[in-house]
Amino acid sequence: MKFEKKDILGIKDLSIDEINLILETAESFLEISTRKIKKVPTLRGKTIINLFYEASTRTRTSFEIAGKRLSADTINISASTSSVVKGETLIDTARTLEAMNPDVIVIRHSASGAPHILASLVKQSIINAGDGAHEHPTQALLDMMTIKERKGKISGLKVAIIGDIEHSRVARSNIYGLSKMGAHVVLAGPATMLPRDIEQMGTKVFSRIEDALVDADVVMMLRIQLERQKQNIFPSLREYSQHYCLNRSNIKLAKKDVIVMHPGPINRGVEISPDIADDPSCSVILDQVNKGVAVRMALLYLLTGGSE
Amino acid sequence: MSKNKNTKIVMDKDGIDRCLTRIAYEILEKNKGMQNLVLVGIRTGGVYLAQRLQKKISDIERDKIPLGILDVTLYRDDISASNKKPRLGETKINFSLDDKVVVLVDDVLFTGRTIRAAMDALIDFGRPKMIQLAVLIDRGHRELPIRADFIGKNLPSSLWEAVRVDLVEKNGVDEVVIEEES
């Protein structure tokens, strides 16, 4: 099949066939990162702008490495060192960048829908690298790729997503993606971190972590966004970790061959105990990072591979 | 593939097998055995032919010759010009190419552009001592200064004809077909 999308704005807009094509393409890209010379000439002469209005280590580095390994020129712009501090609006920034003729703009923004505005304004391909509490499609794709590699399939698996669902774009993209691919998604978190009407997304919701963990094939722990503690959605980190931290004892409720995922960065001892996070027999956290480069290479390839 | 096209079978199962047997011996003769010799098949047709050559050479020499698989898509010169984004296959070369004699294997040699891409890819993997080329069919019309070292059959063709190599592994039948495009 041909990949027809101009932009990657969210998992919600992708079909099962498109997700499968992205994942299969990404599998072929894994090998390039194991070579001595980690570069292929495919996107020579293409320009990719990483426009990051929010802090990021792994996503931005991952996009930059993905572009460079395909021989594209990558340029990073972070809000703190750009004209944004002088008060330029997102739309003006976008038009300015468009005038320099890049091929792809990767954007992370704290406002949900920012990539969609960009996509409707400029002719370049837009990749959403996380918008507010809306979607983070490349994270969900690399999560699905990791699950598929470890479990051989996605369909039929029980996936428990635990923590701050309300503020998590990772959770939202994964719920869309995993449900589309036939997984059985369950959620758990304190009531203040569960969006209202979340069950409409077709998932089961629990308030106790233990109930969600029973017989899970995959456990996905979400980062507690410390910056949100001021909003009084939970009393203290200590209390949160007493009830919602994944540890040696509650993980026993899951299947024996359970894999543990985390989008990073980890708050050790808050949402996940260090011995679980570092246990190579169940933790696939670094594997997720590794797959991230391949997934982003696949997207850059599929979006720029033609259609001039 | 459709029946109403003007098609002609130019090589059958036995013909293909005899060609490959001869090429296997020629490769060994030219390189004086299989020391430092490795095969790399170009996806997809070349891979199956390389696997068959691997079996023949390994049978003759009673030792297994290493085989790699190469997808040249990422090295193609028409990738940004073409509208299609070709589906990517896996490249798998699990051995060092440094100081090896690499025999590239493909089904049809035509413009030479695939081989140019393949050579660029190989050099990203290491520094082979030498690269040689084995093809089942050489149909002419080169656009680059490239020639094959081992050829199953020279098949002079016109540009409006298509040469197709069907293999059991891929299409369920072994034959080389020439078809006139209408």
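Good morning. In strand 7 of chain A, A:Phe206 is the bridge partner of A:Ala188. Strands here are DSSP runs of E with at least two residues, and helices are runs of H or I with at least four, numbered from the N terminus. The model before us is predicted, so local features need pLDDT of at least 70 and side-chain atom pairs count only at pLDDT 80 or more, while totals for chains, interfaces and linings use all residues. Residues are numbered from 1 along each chain as its sequence is written, chains are lettered from A and ligands numbered from 1 in the order in which they are written, and side-chain values use heavy atoms, with hydrogens and water left out.

Let me stay with that bridge. Strand 6 (residues 184-188) and strand 7 of chain A run parallel and are joined by three bridges. Two strands pair if DSSP finds at least two bridges between them. Both strands belong to an open sheet of five strands in chain A, ordered 7-6-5-8-9 with parallel pairing. At its edges stand strand 7 (204-206) and strand 9 (259-261) of chain A, each pairing on one side only. On average, neighbouring strands of this sheet are turned by 20 degrees against each other, direction ignored; axes are lines fitted to C-alpha atoms, for helices over the stretch in contact, and angles run from 0 to 180 degrees between N-to-C directions.

I turn to another sheet of chain A. Four strands form an open sheet with parallel pairing, in the order 2-1-3-4. Strand 3 (residues 104-109) of chain A pairs with strand 4 of chain A over five bridges, in the parallel sense. Helix 10 of chain A packs on this sheet and touches strand 1 (47-52), strand 3 and strand 4 of chain A, where touching, or contact, means heavy atoms within 4.5 Å.

Finally, the interior. A nonpolar core is a set of buried Ala, Val, Leu, Ile, Met, Phe, Trp, Tyr and Cys residues joined through side-chain atoms within 4.5 Å; buried means under 20% relative accessible area, with a 1.4 Å probe and protein chains only. The largest such core has 84 residues, and A:Phe29, A:Met144, A:Ile161 and B:Leu70 have the most contacts inside it. Helix 10 (residues 285-304) of chain A gives this core its largest share, 10 residues. Among the residues that A:Phe29 touches are A:Leu70, A:Met297 and B:Leu88, not counting residues up to four places away in sequence.

Terms used
Buried < 20%, exposed > 50% of the residue type's maximum accessible area, 1.4 Å probe, protein only.
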